[in-house]
Amino acid sequence: SFRLDISQRLSRLSRCQGGRGERERLATLVAPGERVLVLGSGIGITACVLGARSAPAEVLGIERDEVKKEFAMANIRDNKLQRTVRSIAGDLLDMSQLGSFDRICAFLKFQPIENLQPLMGALMPGGTLHYYNHESKEEFSQEPSAVLEAFKALAASHPHLQGEVQLTWR
């Protein structure tokens, strides 16, 4: 169960983080012992689903909105996930004090790809970045090769990632 407050517009659950099906899909991808970062974690639904439906070492949610972060903390407590899932308020692109992650789920509205440099540096070798930027399927279909090339260039600037980039619209 999740706490939310519709009056504060904290409950855009179906599409803002890929929808229920996408959260469930992500949970099947998390390997036991992974360290997972959820950027733009909102009220903590994705972080809680990953913590409850997989066996990560840690799921860390970062949200810049303090009110949403407080709801996330309550949802983590209500679902008894405090041993695995945490939520903090902060800058979504400041990775300097967070260490490295096996998997990053980045729900970053309208962020240019070039702003994602810090995320690439926070991925462990062989890590996975799931990037969601709130575009429609039609918008994505117009220029997927340009987006893919931009991600390949970004990955190439971080040799530990071995240049591996897969791009899937969800």
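Tutor: Asp 94 is found in the loop that lies between β3 and β4 (101-107). In this predicted model, the relative accessibility of Asp 94 is 39%, so the residue counts as partly exposed. Its side chain makes a polar contact, at 2.7 Å, with the side chain of Ser 96. Asp 94 and Ala 122 are separated by 28 residues in sequence, while their C-alpha atoms are 9.8 Å apart in space.

The strand β3 (85-89) also takes part in covering the buried residues of α4, as do α3 (45-53) and β2 (58-63). Those buried residues of α4 are Lys 68, Lys 69, Phe 71, Ala 72, Ala 74, Asn 75 and Ile 76. Helix α4 comprises 13 residues (residues 66-78); at 1.5 Å a residue it should span 18 Å, and its end C-alpha atoms are 18 Å apart, which agrees. At the N-terminal end, Asp 65 caps α4, with a side-chain oxygen 2.8 Å from the backbone nitrogen of Val 67. Just after α4, Lys 80 adopts a positive phi of about 55 degrees.

Helix α3, part of the cover over α4, is also crossed by helix α2 (residues 19-29): the axes of α2 and α3 come within 9 Å and cross at roughly 40 degrees. The two helices are therefore oblique to each other, and α2 passes α3 in a right-handed crossing. From α2, Arg 23, Glu 24, Leu 26 and Ala 27 meet Ile 45, Thr 46, Val 49, Leu 50 and Arg 53 of α3.

Note on methods: Residues are numbered from 1 along each chain as its sequence is written. This is a predicted model: local features need pLDDT of at least 70, side-chain atom pairs count only at pLDDT 80 or more; totals for chains, interfaces and linings use all residues. Side-chain values use heavy atoms; hydrogens and water are left out. Helices (H or I, at least four residues) and strands (E, at least two) are DSSP runs, numbered from the N terminus. The expected span of a helix is 1.5 Å times one less than its number of residues. Buried means under 20% relative accessible area, exposed over 50%, partly exposed in between (1.4 Å probe, protein chains only). Contact means heavy atoms within 4.5 Å. A polar contact is a pair of N or O atoms within 3.5 Å; within protein, one must be able to donate a hydrogen and the other to accept it, and residues adjacent in sequence count only if both atoms are side-chain atoms. Axes are lines fitted to C-alpha atoms, for helices over the stretch in contact, and angles run from 0 to 180 degrees between N-to-C directions. Angles under 35 degrees count as roughly parallel, over 145 as roughly antiparallel, 65 to 115 as roughly perpendicular and the rest as oblique. A crossing is left-handed if the near helix is turned anticlockwise from the far one by less than a right angle, and right-handed if clockwise.
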